[in-house]
Each structure stands twice: as C-alpha cells, then as structure tokens.
Amino acid sequence: MTAARIVINEIKGYHRFIKFLMVLVGAAAVASAVRFIFGLGATTNLNDLYPWGLWISFDVVTAVPLAAGAFTIGIVAHVFHIKKLEPLVRPAIVTGFLGYSLVCVGLLLDLGQPQRGPYVLFNWNVHSPMFEVSMCVMAYTTVLFLEFLHPVSERFGWHIPLRLLRTLELPFAILAAMISTLHQSTLGTFFLIAVDKLHNLWYNPLLPLQFWLSAIFTGLSIVIFEASLVHKYMGQPDESDLLATLTKIIPWIMGVYIAVKAYALAFLSHGPLFDRPVLTALFSVEVIVGLLIPFAMFLTKRIRTDKQMQLRAASLVIVGLILNRFNVSMFAMHQPGQPVYFPNFIESVVTIGIIAAHILFFVLIAKYFPIFEHHPEATDYTIPDRFRKIEKHGHGAASEA
C-alpha cells in the first residue's frame, strides 16, 4: 500500500469534526494565497486609520497571551517544584508551540512585505518595542520547539535526545519564563504611544504590567480549560485534582492584577472615563464578566472539587482576556466621527482557519504523540555514551532497553 493510500485511509477514519477543521484550514490557505496574490489593500479593510485590524488584534495581541500556559505551568512545575503538576506541562507546551507558530503565520500575512521579516536579525532597532517582541517571539518559539521534541523523542524511541532534553527541562523553563516576561509586557508597551488615541479607560503607563499579569493567570486558566475539554472529549484522565492546585494560585495573581488596574484607573488615567456609552459597556463586561465574577469563583472552596465550575471560571477568564485585548487594540482606538473598521471576508476566513488549525494540530499531535503520558519521577538523566532506543512500559513511561 502506498504512503498516499495509507494517509487517505487514516483521514477517512477521523471524526467528522476533525474533517470539518481540515476544510476550514484549507479555506484559510486559499484565502492566504489570495492575500499574497492581490495584496493587503485589495483583500483587507485595513487603511491608514486602521493599519492594525483583526489579524493583529487576534492573531498576535490576543493569541500570544492565550499561548502563555506553556511558560506559566512550566515555571510552576519545574522552578517551584510542584511536581504533581507535571502531567499538565506537556499539553501546555504543545498548546504554546502551536499558538506561537500560528502567531508567526499571522504576522507573515499581516506584514506588507513579509520577505523582509529576517531583516530584523541584522538591523537592530533597540529602541523599538516591536524589535523586542519580534526577537522574543522567535526565541520563545525555538524554546517551545525544543521542548516539543521531548514527546517526539519518546514517540520514535530516541534515547540520547530524550535524556538530554530531560536534563534541560529546568533551564528551558527558566529561559521560557524570562523571554515570555519580556514580550508579554512589551505587547502593552505598543499602546503607550497612543496617548491621544487609546481611550482613558484603558490608557495608562502600567499597561505593560497589566498585560504581563493577565497573561500569567490566563495562561493557567488555559491549562484548566484545555485539561477539562480533553478529558471530556478525548477520553484523557481526569486531572481535576491537579487543577484544584491551579485554582489556589490563580486568584492571587488575579488579585494583584485587579489592584493594579484599579490603581491605574483611579490615579493614572487622565481625562473623562465614562463619556462614551459603548466603550463604558465594553469596559463593564470586561471587568465584571471576565474578571470579578471568575475571581469570586476561584475564591470559593467548591471550585477545588467541582469540575464544571473550574471550566466555567477558566472560560470567563479567557473571554475577559480576549475582550481586553480587543478593547485595547481595536475598539478603544476608534475616534468619534471616524468610519468604523470591520474585517472583510478574507480576513475573517484566515482568522477562523488559524483557530481551526490550532485545534486540529493539537488533536492530531495528541493522537500520534505521547503528550498526555507522564514520564517517571525517578529518571536517569545522565547522557549515555552510545545510541540506544528506549522501550515503552506501563503507561507509556520510557525506560532503558
């Protein structure tokens, strides 16, 4: 049987939802080709008033913090030595790696001349926050790729790379936290230049700190959201006991974020705050639904044992983060009297395809690679002096042949 026939037979056995995701990804690929053939002006509603549209607001400004679960759970498990959370690390790394890879795809589509992207490596503008973000995103994607090689090595039985990668777990976790701290906060720095454009409800000099803090507790919420869904729909083990530990950590970070946001709103904002009803409504939904309600839910003891409550609270946090990033990067940028920006069909299809690609690739990686298998606590981390494959025993744990 040819390789093509094997692949076709494998795809025929997929669930209808997976096939639907593949169709969405294919449509996004066609729309991306149209964008490169006809250019940004002909295929998007971007203009001089709105040079940053849906692709930047979602694919970059929103997708980057939504992929923050990798560095947050990695630092909690490896640096703070909460080893019982180890089973959550690998799925978070896959989510982060896919998220940042697709962010890079979105950036290539949004750049007017993407072929000049590599110029940033040779022409350093150290005074630009965009330079810092571009370098950090490249570095962090590389780190996530190296961490993703861990389950790949287990899948193909590569002994030496597996031992080496296990040895580098802690340095990788520290490096990931350092890089993420830089670019997660710098995303907020982007908007400090919009002194007279970003509305006073969101503009303040503490935006970088707010972006960083919100990425941390949203990253942990993404882990809860993801673990709950893979248990429900993919038949993976119930990790609610491990998620209960995260529910104890999240409210502390959220509390700091709420305090910083309240301080900035009370003492660092200038000009009228509630002069535009639509923006006031958006701000109210962001704060009440996406922040205060889940914060109260995470403070209750019931959430530590109630799986549905964990999922609901995490979902509200994610919704709040998405709304916050859209408020800052798009909605609150609109000036009275200006035409309103709406993404056109091509922009929408590409963004939907990127979301579908993230889900599709995660499911396929989970199907063919051991990302939900926890390696033994007692592991020989020494690097052998000759290549040997490893055998699988028990629940997918790797041991020497």
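Modeller: A charge sits over a ring if NZ of Lys or CZ of Arg is within 6 Å of the ring centre and within 35 degrees of the ring normal. This is a predicted model, in which local features need pLDDT of at least 70 and side-chain atom pairs count only at pLDDT 80 or more, while totals for chains, interfaces and linings use all residues. Residues are numbered from 1 along each chain as its sequence is written, and side-chain values use heavy atoms, with hydrogens and water left out.

Biologist: Over the ring of which residue does the charged end of Arg325 sit?

Modeller: The charged end of Arg325 is 3.9 Å from the centre of the ring in question. The ring belongs to Phe211.

Biologist: How far apart are the end C-alpha atoms of helix H2?

Modeller: Helices are DSSP runs of H or I with at least four residues, strands are runs of E with at least two, and both are numbered from the N terminus. The expected span of a helix is 1.5 Å times one less than its number of residues. H2 has 23 residues (16-38), so it should span 33 Å. The distance between its end C-alpha atoms agrees with this: 33 Å.

Biologist: Which helices are included in what covers the buried residues of H2?

Modeller: Buried means under 20% relative accessible area, exposed over 50%, and partly exposed in between, with a 1.4 Å probe and protein chains only. The buried residues of H2 are Ile18, Leu21, Ala28, Ala31, Ser32 and Arg35. What covers them includes H3 (40-43), H4 (54-66), H6 (86-110) and H14 (345-368).

Biologist: Is Ser269 buried or exposed?

Modeller: Ser269 is in the loop between helix H11 (240-268) and helix H12 (277-299). Not counting residues up to four places away in sequence, Ser269 touches Asn200, Tyr203 and Ala264, where contact means heavy atoms within 4.5 Å. Because its relative accessible area is 14%, Ser269 counts as buried.

Biologist: With which residue does Glu154 form a salt bridge whose closest N and O atoms are 3.3 Å apart?

Modeller: Side chains of opposite charge can pair when their charged atoms come close. A salt bridge is a side-chain nitrogen of Lys or Arg within 4 Å of a carboxyl oxygen of Asp or Glu. The structure holds four salt bridges, and in one of them Glu154 is paired at that distance with Arg90.

Biologist: How many residues apart are Glu154 and Arg90?

Modeller: Glu154 is in helix H7 (129-156) and Arg90 is in helix H6. The pair links distant parts of the chain, with a separation in residues of 64.

Biologist: What is the relative accessible area of Glu154?

Modeller: Glu154 also meets Arg166 in a salt bridge, at 3.2 Å from N to O. Arg166 is in helix H8 (159-167), twelve residues from Glu154. Glu154 counts as buried because its relative accessible area is 1%.

Biologist: Is the ring pair of Phe190 and Phe191 edge-to-face or stacked?

Modeller: Rings of Phe, Tyr and Trp (its six-membered ring) pair if their centres lie within 6.5 Å; planes under 30 degrees apart count as stacked, over 60 as edge-to-face and the rest as tilted. A search of the whole structure finds 17 aromatic pairs. The centres of Phe190 and Phe191 are 6.5 Å apart and their planes are at 70°, so the pair is edge-to-face.

Biologist: At what angle are the planes of Tyr263 and Phe267?

Modeller: Tyr263 and Phe267 form a tilted aromatic pair, 5.2 Å from centre to centre, and the angle between the planes is 40°. Both lie in H11, four residues apart, about one turn of the helix. Tyr263 is partly exposed because its relative accessibility is 43%. To restate the angle asked for, it is 40°.

Biologist: What is the relative accessibility of Ile224?

Modeller: Ile224 lies in helix H10 (207-233). Leaving aside neighbours within four places in sequence, its contacts include Leu243, Leu246 and Phe298. Ile224 counts as buried because its relative accessibility is 0%.
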